[in-house]
Amino acid sequence: MIRKLLIGLLLLVLLAVVLALIAVAVVDPDDYRDEIAQRASETLGREVRLDGPMSLSLFPWLALEIEDVVVGNPPVLADAPPLARIGKAVASVRVMPLLGGQMETGDITLSEAQLTLIAGPNDQSNLDGLLEEADPTADTPPLNLTGLNLGTITLEQVDLVQLDLLSDARTTLAIDRMVLDAFAPERPVGFSLQASLSDDSGELLVFDELTGELRVALDASEVAISDLLADYRLPGGDMLGQATGQARIQRGDALSL
(Lines give C-alpha, C1' and ligand atoms only; values in the text may rest on other atoms or scores of the structure.)
Protein backbone atom coordinates (compact mmCIF):
# COMPACT_ATOMS: atom_id res chain seq x y z
CA MET A 1 0.00 0.00 0.00
CA ILE A 2 2.92 2.37 0.68
CA ARG A 3 4.16 1.89 -2.89
CA LYS A 4 0.68 2.46 -4.37
CA LEU A 5 0.25 5.57 -2.25
CA LEU A 6 3.52 6.96 -3.59
CA ILE A 7 2.50 6.12 -7.17
CA GLY A 8 -0.83 7.86 -6.69
CA LEU A 9 0.72 10.97 -5.19
CA LEU A 10 3.33 11.12 -7.95
CA LEU A 11 0.73 10.88 -10.72
CA LEU A 12 -1.55 13.54 -9.25
CA VAL A 13 1.30 15.97 -8.57
CA LEU A 14 2.83 15.30 -11.99
CA LEU A 15 -0.46 16.15 -13.71
CA ALA A 16 -0.75 19.45 -11.83
CA VAL A 17 2.84 20.41 -12.66
CA VAL A 18 2.53 19.41 -16.34
CA LEU A 19 -0.55 21.57 -16.77
CA ALA A 20 1.12 24.50 -15.01
CA LEU A 21 4.22 24.26 -17.24
CA ILE A 22 2.14 24.14 -20.42
CA ALA A 23 0.03 27.09 -19.29
CA VAL A 24 3.20 29.17 -18.80
CA ALA A 25 3.48 29.41 -22.58
CA VAL A 26 0.07 31.06 -23.07
CA VAL A 27 -1.43 34.39 -22.06
CA ASP A 28 -4.89 33.29 -20.97
CA PRO A 29 -5.11 29.53 -20.36
CA ASP A 30 -8.87 29.54 -20.66
CA ASP A 31 -8.52 30.76 -24.27
CA TYR A 32 -6.12 27.90 -25.05
CA ARG A 33 -7.99 25.14 -23.26
CA ASP A 34 -7.90 22.71 -26.19
CA GLU A 35 -4.20 23.28 -26.84
CA ILE A 36 -3.28 22.77 -23.17
CA ALA A 37 -5.38 19.60 -23.00
CA GLN A 38 -3.79 18.29 -26.20
CA ARG A 39 -0.24 18.93 -24.98
CA ALA A 40 -0.99 17.36 -21.62
CA SER A 41 -2.49 14.34 -23.37
CA GLU A 42 0.62 13.95 -25.53
CA THR A 43 2.90 14.27 -22.49
CA LEU A 44 1.03 11.77 -20.33
CA GLY A 45 -0.03 9.38 -23.08
CA ARG A 46 -3.65 9.67 -21.95
CA GLU A 47 -6.61 11.80 -22.96
CA VAL A 48 -6.81 14.83 -20.65
CA ARG A 49 -10.07 16.79 -20.43
CA LEU A 50 -10.28 20.24 -18.86
CA ASP A 51 -13.97 20.65 -18.10
CA GLY A 52 -13.88 23.46 -15.53
CA PRO A 53 -12.62 27.06 -15.28
CA MET A 54 -8.90 27.89 -15.42
CA SER A 55 -6.96 30.92 -14.26
CA LEU A 56 -3.31 31.98 -14.41
CA SER A 57 -1.59 34.50 -12.13
CA LEU A 58 1.87 35.93 -12.78
CA PHE A 59 3.06 37.22 -9.40
CA PRO A 60 5.00 36.21 -7.36
CA TRP A 61 4.96 32.86 -9.22
CA LEU A 62 3.37 31.67 -12.42
CA ALA A 63 0.43 29.87 -10.83
CA LEU A 64 -2.32 27.86 -12.51
CA GLU A 65 -5.65 27.06 -10.88
CA ILE A 66 -7.87 24.50 -12.60
CA GLU A 67 -11.09 22.67 -11.82
CA ASP A 68 -12.77 19.51 -13.08
CA VAL A 69 -9.90 17.68 -14.78
CA VAL A 70 -10.30 14.13 -16.11
CA VAL A 71 -7.48 11.81 -17.24
CA GLY A 72 -8.66 8.81 -19.23
CA ASN A 73 -7.47 5.23 -19.67
CA PRO A 74 -5.84 3.39 -22.59
CA PRO A 75 -8.41 2.28 -25.21
CA VAL A 76 -8.49 -1.30 -23.95
CA LEU A 77 -9.85 -0.03 -20.62
CA ALA A 78 -12.01 2.75 -22.01
CA ASP A 79 -15.14 1.53 -20.21
CA ALA A 80 -13.48 1.46 -16.78
CA PRO A 81 -13.43 4.40 -14.36
CA PRO A 82 -10.94 7.06 -15.53
CA LEU A 83 -7.38 7.09 -14.24
CA ALA A 84 -7.89 10.40 -12.45
CA ARG A 85 -10.50 13.00 -11.63
CA ILE A 86 -9.45 16.25 -9.97
CA GLY A 87 -11.98 18.66 -8.53
CA LYS A 88 -9.46 21.47 -8.02
CA ALA A 89 -5.71 21.86 -8.40
CA VAL A 90 -3.38 24.79 -7.82
CA ALA A 91 0.26 24.62 -8.93
CA SER A 92 2.95 27.22 -9.51
CA VAL A 93 6.41 27.24 -11.10
CA ARG A 94 9.36 29.60 -11.34
CA VAL A 95 10.41 30.29 -14.92
CA MET A 96 14.07 31.31 -14.50
CA PRO A 97 15.22 27.99 -12.97
CA LEU A 98 13.61 26.18 -15.92
CA LEU A 99 15.99 27.99 -18.26
CA GLY A 100 18.87 26.42 -16.33
CA GLY A 101 17.39 22.93 -16.43
CA GLN A 102 15.99 23.02 -12.90
CA MET A 103 12.41 22.48 -11.73
CA GLU A 104 11.22 24.64 -8.86
CA THR A 105 7.59 24.82 -7.89
CA GLY A 106 5.68 26.67 -5.23
CA ASP A 107 3.02 25.03 -3.11
CA ILE A 108 0.82 22.44 -4.84
CA THR A 109 -2.72 21.76 -3.66
CA LEU A 110 -5.06 19.01 -4.88
CA SER A 111 -8.58 18.61 -3.54
CA GLU A 112 -11.70 16.54 -4.21
CA ALA A 113 -9.78 14.10 -6.41
CA GLN A 114 -9.83 10.39 -7.16
CA LEU A 115 -7.11 8.29 -8.76
CA THR A 116 -8.04 4.75 -9.80
CA LEU A 117 -5.35 2.14 -10.49
CA ILE A 118 -6.97 -0.63 -12.55
CA ALA A 119 -5.88 -4.22 -13.05
CA GLY A 120 -7.65 -5.88 -15.99
CA PRO A 121 -7.50 -9.17 -17.92
CA ASN A 122 -4.16 -10.42 -19.26
CA ASP A 123 -2.21 -8.28 -16.80
CA GLN A 124 -3.57 -5.10 -18.36
CA SER A 125 -3.26 -1.92 -16.34
CA ASN A 126 -4.35 1.65 -16.90
CA LEU A 127 -0.74 2.64 -16.11
CA ASP A 128 0.52 0.84 -19.23
CA GLY A 129 2.08 3.34 -21.64
CA LEU A 130 1.87 6.26 -19.24
CA LEU A 131 4.60 8.78 -20.09
CA GLU A 132 5.76 6.39 -22.80
CA GLU A 133 8.68 7.53 -24.89
CA ALA A 134 7.85 8.49 -28.49
CA ASP A 135 10.66 6.17 -29.63
CA PRO A 136 10.70 3.06 -27.38
CA THR A 137 13.99 1.89 -28.98
CA ALA A 138 15.82 5.05 -27.98
CA ASP A 139 18.29 4.91 -25.10
CA THR A 140 16.76 6.28 -21.92
CA PRO A 141 19.22 8.20 -19.76
CA PRO A 142 19.34 7.33 -16.07
CA LEU A 143 16.82 9.27 -14.01
CA ASN A 144 18.41 12.23 -12.27
CA LEU A 145 16.40 14.37 -9.86
CA THR A 146 19.13 16.99 -9.47
CA GLY A 147 17.54 20.44 -9.58
CA LEU A 148 14.06 19.23 -8.62
CA ASN A 149 12.57 21.32 -5.83
CA LEU A 150 8.89 21.16 -4.96
CA GLY A 151 6.98 23.36 -2.56
CA THR A 152 4.65 22.00 0.09
CA ILE A 153 2.17 19.50 -1.36
CA THR A 154 -1.29 19.36 0.23
CA LEU A 155 -3.98 16.81 -0.58
CA GLU A 156 -7.52 17.19 0.76
CA GLN A 157 -10.39 14.77 0.18
CA VAL A 158 -8.40 12.57 -2.21
CA ASP A 159 -9.25 8.91 -2.84
CA LEU A 160 -6.66 6.43 -4.12
CA VAL A 161 -8.51 3.38 -5.47
CA GLN A 162 -7.14 -0.02 -6.49
CA LEU A 163 -9.68 -1.83 -8.71
CA ASP A 164 -9.40 -5.41 -9.97
CA LEU A 165 -11.78 -5.88 -12.90
CA LEU A 166 -11.52 -9.69 -12.82
CA SER A 167 -12.70 -10.07 -9.23
CA ASP A 168 -14.50 -6.70 -9.06
CA ALA A 169 -12.57 -6.10 -5.83
CA ARG A 170 -11.94 -2.54 -4.74
CA THR A 171 -9.60 -1.15 -2.10
CA THR A 172 -9.70 2.56 -1.25
CA LEU A 173 -7.35 4.79 0.68
CA ALA A 174 -9.45 7.85 1.46
CA ILE A 175 -7.16 10.76 2.37
CA ASP A 176 -8.85 13.43 4.44
CA ARG A 177 -5.70 15.50 4.47
CA MET A 178 -2.05 14.89 3.67
CA VAL A 179 0.81 17.39 3.80
CA LEU A 180 4.27 16.76 2.38
CA ASP A 181 6.81 19.42 3.28
CA ALA A 182 8.94 21.12 0.63
CA PHE A 183 10.69 18.37 -1.31
CA ALA A 184 14.19 17.93 -2.70
CA PRO A 185 15.98 14.62 -3.44
CA GLU A 186 18.40 13.16 -0.89
CA ARG A 187 16.84 15.28 1.87
CA PRO A 188 14.57 14.13 4.70
CA VAL A 189 11.08 15.49 4.07
CA GLY A 190 8.39 15.46 6.74
CA PHE A 191 4.82 14.39 6.07
CA SER A 192 1.53 13.95 7.92
CA LEU A 193 -1.57 11.98 6.97
CA GLN A 194 -5.15 11.54 8.14
CA ALA A 195 -6.84 8.78 6.16
CA SER A 196 -8.88 5.58 6.20
CA LEU A 197 -8.47 2.26 4.39
CA SER A 198 -11.47 0.23 3.23
CA ASP A 199 -12.45 -2.57 0.86
CA ASP A 200 -15.71 -4.15 -0.26
CA SER A 201 -16.32 -5.50 3.23
CA GLY A 202 -16.15 -2.05 4.79
CA GLU A 203 -13.69 0.03 6.76
CA LEU A 204 -10.42 -1.73 7.62
CA LEU A 205 -8.27 0.88 9.31
CA VAL A 206 -8.40 4.57 10.25
CA PHE A 207 -5.28 6.68 10.65
CA ASP A 208 -6.17 9.52 12.99
CA GLU A 209 -2.61 10.77 12.51
CA LEU A 210 0.39 9.30 10.71
CA THR A 211 3.64 11.23 10.60
CA GLY A 212 7.15 10.54 9.43
CA GLU A 213 9.95 11.51 7.08
CA LEU A 214 10.84 10.25 3.62
CA ARG A 215 13.99 10.51 1.59
CA VAL A 216 14.18 9.84 -2.16
CA ALA A 217 17.46 8.88 -3.80
CA LEU A 218 18.81 11.15 -6.51
CA ASP A 219 18.08 8.52 -9.17
CA ALA A 220 14.77 7.51 -7.49
CA SER A 221 16.14 3.99 -7.00
CA GLU A 222 15.21 4.03 -3.34
CA VAL A 223 12.63 5.66 -1.09
CA ALA A 224 13.32 5.49 2.64
CA ILE A 225 10.58 6.25 5.16
CA SER A 226 11.67 6.81 8.75
CA ASP A 227 10.33 7.96 12.12
CA LEU A 228 6.87 6.60 11.35
CA LEU A 229 4.38 7.23 14.14
CA ALA A 230 0.76 6.19 13.61
CA ASP A 231 -2.28 6.68 15.81
CA TYR A 232 -4.91 4.35 14.38
CA ARG A 233 -8.34 2.82 14.98
CA LEU A 234 -9.67 -0.54 13.88
CA PRO A 235 -13.26 -1.10 12.63
CA GLY A 236 -15.87 -0.02 15.14
CA GLY A 237 -13.75 2.85 16.41
CA ASP A 238 -13.30 1.36 19.90
CA MET A 239 -9.94 -0.36 19.34
CA LEU A 240 -7.22 2.28 19.49
CA GLY A 241 -3.53 1.76 18.86
CA GLN A 242 -0.19 3.37 18.17
CA ALA A 243 2.60 2.04 15.99
CA THR A 244 6.11 3.08 15.02
CA GLY A 245 8.39 1.86 12.27
CA GLN A 246 10.32 2.52 9.09
CA ALA A 247 10.29 1.27 5.51
CA ARG A 248 12.56 1.11 2.50
CA ILE A 249 11.31 0.76 -1.06
CA GLN A 250 13.86 -0.09 -3.72
CA ARG A 251 13.67 -0.22 -7.50
CA GLY A 252 12.30 -3.57 -8.56
CA ASP A 253 9.51 -3.39 -6.00
CA ALA A 254 11.63 -4.74 -3.17
CA LEU A 255 10.27 -3.58 0.17
CA SER A 256 12.03 -3.87 3.49
CA LEU A 257 10.51 -2.88 6.83
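This briefing describes a network of salt bridges in the structure shown above. The model is predicted: local features require pLDDT of at least 70, side-chain atom pairs count only at pLDDT 80 or more, and totals for chains, interfaces and linings use all residues. Residues are numbered from 1 along each chain as its sequence is written, and side-chain values use heavy atoms, with hydrogens and water left out. The structure holds eight salt bridges, a salt bridge being a side-chain nitrogen of Lys or Arg within 4 Å of a carboxyl oxygen of Asp or Glu. Salt bridges link Glu186, Arg215, Glu222 and Arg248 in a network.

**Pairs in the network**

- Arg215 is joined to Glu186 by a salt bridge, with 3.1 Å between the closest N and O atoms.
- This pair links distant parts of the chain, 29 residues apart: Arg215 belongs to strand 11 (residues 202–216), and Glu186 to the loop between strand 9 (169–180) and strand 10 (189–199). Strands (E, at least two residues) are DSSP runs, numbered from the N terminus.
- Arg215 also forms a salt bridge with Glu222, at 3.4 Å between the closest N and O atoms.
- Glu222 and Arg248 meet through their side chains in a salt bridge of 2.8 Å, N to O.
- Because Glu222 lies in strand 12 (residues 222–233) and Arg248 in strand 13 (residues 240–250), the pair ties together parts that are 26 residues apart in sequence.

- Glu222 is buried, at a relative accessible area of 17%; buried means under 20%, exposed over 50%, and partly exposed in between (1.4 Å probe, protein chains only).
- Arg215 is partly exposed at 24%, Arg248 is partly exposed at 33%, and Glu186 is partly exposed at 41%.

Conventions:
Helix = DSSP H or I, 4+ residues; strand = E, 2+ residues; numbered from the N terminus.
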